[in-house]
Amino acid sequence: MFKTIGVCGTGNMGQAIVKGLVVSKAMAADHIYLYNIHREKADALAKETGAVVVDSPLKLAKLSHALIMAVKPNMMEKAIYAVSDGLAADTVLISIAAGLSLESLAGYAGEKTKIVRVMPNTPAMVGEGMASISSNDMVTAEETADAVDIFSSFGKAEVVDEKLIDAVCGLSGSGPAYVYLFIEALADGAVREGMPRQMAYTFAAQTVLGAAKMVLETGTHPGALKDAVCSPGGTTIEAVQTLEENGFRAAVMKAVSASAEKNRNL
């Protein structure tokens, strides 16, 4: 793991990263440095986690072996220029901004800068994120592995060829929104059948959580798990037929492609 980690930006994702590192004990809190243009936000996160707030982007860069740029895409160029003079030759710059390629980031930071591009998602905030890791040619295999360790501390992370980043965006980047819609729809259906709404949300959310865990922990193909629930002539296969008749799978596939295309054109 990197000796020190800096986090520039302490919004939702910046907070998730810091909390994940601290809770998992992947990094000692006093080896994590924070900077936010709004000092009070960084101070609040530091108070909660034990991380250390610094008073300038330049100081943040000088203290960081890995520097995570947790700022919005439209702020990235300005933010990188603010830290660039403090970057050492072996500092790894990690961007979590959608739509900014490794090439674009190198245009801001310099062609010899070690850069890792990460596509995380919001469930990182509860320790169940999914992140893709793509590195430029300056980054060593060990440094890439260290980046994977950072984002695995609050979920799962895998090395992905940058050419697949649009697919990652459409799937795991935007995917939580699709799942929330599905949970809401499941709950609405149960409410229609007379179940109290809060109870319906609990049943729906736990059902999705349990089904996802079955896929991850058993390694069984989702289709086989679906088949195991569908008894001949039973209630589940009746429901599955209704979903198929209404284009459920096609709609989800189109949603992933739409998100990927939007990311491609950012």
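Is Phe-154 buried or exposed? In this predicted model, Phe-154 is buried, with a relative accessible area of 3%. Buried here means under 20% relative accessible area, exposed means over 50%, and partly exposed lies in between (1.4 Å probe, protein chains only). Residues are numbered from 1 along each chain as its sequence is written, and side-chain values use heavy atoms, with hydrogens and water left out. Because the model is predicted, local features need pLDDT of at least 70 and side-chain atom pairs count only at pLDDT 80 or more, while totals for chains, interfaces and linings use all residues.

The structure contains three aromatic pairs. In one of them, the rings of Phe-151 and Phe-154 have centres 5.6 Å apart and planes at 70 degrees, so this pair is edge-to-face. Rings of Phe, Tyr and Trp (its six-membered ring) pair if their centres lie within 6.5 Å; planes under 30 degrees apart count as stacked, over 60 as edge-to-face and the rest as tilted. Phe-151 is also buried, at a relative accessible area of 1%.

Another pair joins Phe-182 and Phe-248. Their ring centres are 5.9 Å apart and their planes stand at 45 degrees, so the pair is tilted. This pair links distant parts of the chain: Phe-182 belongs to helix α8 (residues 175-192) and Phe-248 to helix α12 (residues 248-264), 66 residues apart. Helices (H or I, at least four residues) and strands (E, at least two) are DSSP runs, numbered from the N terminus. Phe-182 is partly exposed, with a relative accessible area of 34%. Phe-248 is partly exposed, with a value of 34%.

Helix α1 (residues 12-23) packs on helix α2 (residues 39-49) at an angle of about 15 degrees, with the axes 11 Å apart. Axes are lines fitted to C-alpha atoms, for helices over the stretch in contact, and angles run from 0 to 180 degrees between N-to-C directions. The angle makes α1 roughly parallel to α2, a term for angles under 35 degrees. On the α1 side, Gly-14, Gln-15, Val-18, Lys-19 and Val-22 meet Leu-45, Glu-48 and Thr-49 of α2. Contact means heavy atoms within 4.5 Å.

Tyr-33 lies in strand β2 (residues 32-35). Tyr-33 is buried, with a relative accessible area of 14%. Residues up to four places away in sequence aside, Tyr-33 touches Thr-4, Ile-5, Gly-6, Val-7, Val-52, Val-54, Leu-60 and Leu-63.

Definitions and conventions: Angles under 35 degrees count as roughly parallel, over 145 as roughly antiparallel, 65 to 115 as roughly perpendicular and the rest as oblique.
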